[in-house]
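Work through the exercises below with the sequence and the model open. Try each task before reading its solution.

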Amino acid sequence: MDFSIILDFLFKGLEISGPIAFAALGAVFCERSGVINIALEGFMAVTTFTIVWGSIVFQSIWMGLLVAIVTGVIISLILAVATITYRVNQIVSGVAINIMAVGIGRFLSQNIFNQETQSQLNPYLFPTVFGINSFAFALIPITAICWFVLFRTRFGLRLRAVGENPEAADTLGINVYLMRYSGVMLSGVMCGLAAAVLYPAKWINGMTGGRGFIALAAMIFGRWHPVGAVLAALLFGYADTFRIMFETKIPIPSQFVQMLPYVLAILVLVGMMGKAKAPAADGKPYEPGE
Amino acid sequence: MLRIRFDKFRLMELLAPVLGFLAALVVLLIITMIVGETPGNTIRAILKFTVSNASRLASVFSVAIPLFLSGLAVAIAFRAGVFNIGVEGQYFIGGLVGALAGIYLPLPKVIHLPVVVLAAMAGGALWAAIPAVLKITKGIHEVISTIMFNNIALALVNFLVNGPLSGRGEQSLEPQTRRILSTALFGKLNHWFQAIGLNVPNHVYLDYTLIVAIIMGILAYVLLFRLRFGFEIRAVGTSIDVSHYAGIRVKTVQLGVFLISGAVAGLIGMQEIFAIRGYYTFQIASGLGFDGIAIALIGRNSPIGVIFSAILFAFLKQAGYGLQLYTSVPNSIIYIITGLMIIFIVIINEIVTRYIRALRKKEAA
């Protein structure tokens, strides 16, 4: 096999895994603090639009990234207010945000670009390195930072504590709500980073294509651990890269190849069960005692 | 005395959806004003497309039928604490299995119609069976597995309709199956309504799915509130631990309720497939399964409540088209408003529940 194809595959795979990996990192923070986040898909639907918009308005991809992060945090705040302050069902809130996010992208695009399903091209991009969006390489240091924050800082310890046993954490003087708000907002930040890798050149309606959900599966497969989640995201990403690069050469119908990541996710979950454990208070709203 | 007090709380609980809807409406008017439409124009456009005449009103009810089935499917599962996010995939598969029975089984009409309905239910239940079994044997959370199965279902029907089951060349370039036999097609009930003096125009689809929906609603009510299994469903939904102690086989209940939910979900696409199109395609309306989650929630997971919330959702959908048609506001705003409305309703609900709890405590003291 040609060496350049292998290199191409390795780099392309990193770029394609990037959005899933960033979103999965966001999911780790969110769920470690005790909030299930099925709205990652919706967060990304918004940030993929705002990064294009922000870049064009400010004529800089870095400003676009900032806009994407800020809007990611804003939409994550909706989830935070509903699930943490008002203790509303987390799945229902996530579904509502996903419904809303589809509309936000299309509505803004219609009003800003006069087209409901796509934006205009954004010429302000990260430089291309080895044939891919160079921001994809940021995944490596950011994963390391996430690990450090979660396992080597006081903030990380507190975040994990409220996800495992909020009552005990509260007794020790940790602000449970603040920690959970941080966890959810960090998932909004991460979805902003995910948008920076996905395709900042243009927004297309539905471009997130289920990556938010795959990220959730990656997080579970990665056992709620940042490094594990990123490795799992790489598995999904490289499976998808393989599909994209060799789809035409594989003698099975393309639809079956498209199922691959989802079937893989199911198989991975089946193989995992019993070995992985969610944070003990994951999905449970915290109600302070009286 | 006690009776009156109960009603007071009950009334407050019913307030949440109304307040949530109004709050969402206010946001809608604010956004449309920013875009440059007066509130008067916006409201006129909405009313014009939803309730201005019999045709519009009947259309709202027509759109509400699949939404009701979707909400019902989610609600039944939710009563047992099972989150069936897979309704989406289940109706794509259910609709396909139903359509196959309609295409390939030559039967007389009286048998064929119930057969296609049962086939669609079987298809939906089948697609729900895999995540259901994964849940009770492997403990895989249904929210994750059903999301994956939704995507698998879409790819699968896409393959089947393009490949082995393709009826392409027969009548259209668009990928679709062969035509459903006339004995299995759903006719309209409009003349029934016309007979009792309701002016339902012929282009509106109030078809056999309305009967299917009514039957399903009644069956669901009987199941949940009159049968032993329904009691077990509600017990499991309230507390798994207590149900265990009470000797209820929790896993059997979860499996059963998942299959029933999938069977009802299988019917969601029937209106479009059997009444409107007359063939199956993977391009039937998508997203109804996710609407069902919100509909079930707003209808408080009761078959009767789901009727009202399905009509509310149908109203919103039609309102979106009205805005698109008569104002400069794009249809997509309805997604934003729908999402916001759900969030508002659940939050207001929570506030009301807390308030009631505080009141009860005070009264008890």
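**Exercise 1.** How many residues of chain B are in contact with chain A?

Solution. This is a predicted model, in which local features need pLDDT of at least 70 and side-chain atom pairs count only at pLDDT 80 or more, while totals for chains, interfaces and linings use all residues. Residues are numbered from 1 along each chain as its sequence is written, and chains are lettered from A in the order in which they are written.

Step 1. Two residues are in contact if their C-beta atoms, placed from the backbone, lie within 7 Å.

Step 2. By this rule, 35 residues of chain B are in contact with 40 residues of chain A.

Step 3. Helix 15 of chain B gives the most to the side of chain B that touches chain A, namely 12 residues; helices are DSSP runs (H or I, at least four residues), numbered from the N terminus.

**Exercise 2.** Is B:Val306 buried or exposed?

Solution. Step 1. Locate B:Val306 in helix 14 (residues 303-326) of chain B.

Step 2. A residue is buried if 20 or more other C-beta atoms lie within 10 Å of its own, and exposed if 12 or fewer do.

Step 3. B:Val306 is buried, because 29 other C-beta atoms lie within 10 Å.

**Exercise 3.** Which residues does B:Val306 touch, not counting residues up to four places away in sequence?

Solution. Step 1. Leaving out those neighbours, the list is B:Phe68, B:Gly71, B:Leu72, B:Ala75, B:Ile295, B:Ala296 and B:Gly299.

Step 2. Take B:Phe68 from the list: B:Phe68 and B:Val306 are 238 residues apart in sequence, but 6.2 Å apart in space, C-alpha to C-alpha.

Notes: Helices (H or I, at least four residues) and strands (E, at least two) are DSSP runs, numbered from the N terminus.
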